[in-house]
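This briefing is intended for a reader with the sequence and the coordinates at hand. Please consult the display below before reading on.

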Amino acid sequence: MAALGCLGCHADEEEQIPEPASLRRFDAKEMASLLREYREGKRSGTVMNRIAAGLTNQDIEAIAGFLGKRP
């Protein structure tokens, strides 16, 4: 699942990697919105723009749904 790749950089524990931050603070709706902003170039990022550029709306909803539900 594509969402598991996100955890390579966005570790569960913030002390593991100082940046980028943990994704736990975002619910599914917020996460989907952020991913669309990266994809559309409305939000800047080191690699997120390039990663999000290849995501479909279905991909974004699946990733946000999976990661947004995590405790």
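This is a predicted model: local features need pLDDT of at least 70, side-chain atom pairs count only at pLDDT 80 or more; totals for chains, interfaces and linings use all residues.

Residues are numbered from 1 along each chain as its sequence is written, and side-chain values use heavy atoms, with hydrogens and water left out.

**Packing of helix 2 and helix 4**

- Helix 2 spans residues 28–39 and helix 4 spans residues 57–68; helices are DSSP runs (H or I, at least four residues) numbered from the N terminus.
- The two helices pack at an angle of about 140°, and their axes lie 8 Å apart; axes are lines fitted to C-alpha atoms over the stretch in contact, and angles run from 0 to 180 degrees between N-to-C directions.
- Helix 2 is therefore oblique to helix 4, a term for angles that are not under 35 degrees (roughly parallel), over 145 (roughly antiparallel) or 65 to 115 (roughly perpendicular).
- In helix 2, Ala28, Met31, Ala32, Leu35, Arg36 and Arg39 make contact with Asn57, Ile60, Glu61, Ile63, Ala64, Gly65, Leu67 and Gly68 of helix 4, where contact means heavy atoms within 4.5 Å.
- By class, this contact comprises eight nonpolar, three polar and three charged residues; Ala, Val, Leu, Ile, Met, Phe, Trp, Tyr, Cys and Pro count as nonpolar, Asp, Glu, Lys and Arg as charged, and the others, Gly among them, as polar.

**Salt bridge between the helices**

- Side chains of opposite charge can pair when their charged atoms come close.
- The count comes to four salt bridges, each defined as a side-chain nitrogen of Lys or Arg within 4 Å of a carboxyl oxygen of Asp or Glu.
- One of them pairs Arg36 with Glu61, whose closest N and O atoms are 2.4 Å apart.
- This pair links distant parts of the chain, with Arg36 in helix 2 and Glu61 in helix 4, 25 residues apart.
- Arg36 is partly exposed at 22% relative accessible area, as is Glu61 at 43%; buried means under 20%, exposed over 50% and partly exposed in between (1.4 Å probe, protein chains only).

**Salt-bridge network**

- Arg39 forms a salt bridge with Glu40, their closest N and O atoms being 3.8 Å apart.
- Glu40 also forms a salt bridge with Lys42, at 3.3 Å between the closest N and O atoms.
- Through shared partners, Arg39, Glu40 and Lys42 are joined into one network.
- Arg39 is partly exposed at 24% relative accessible area, Glu40 is partly exposed at 45%, and Lys42 is exposed at 65%.
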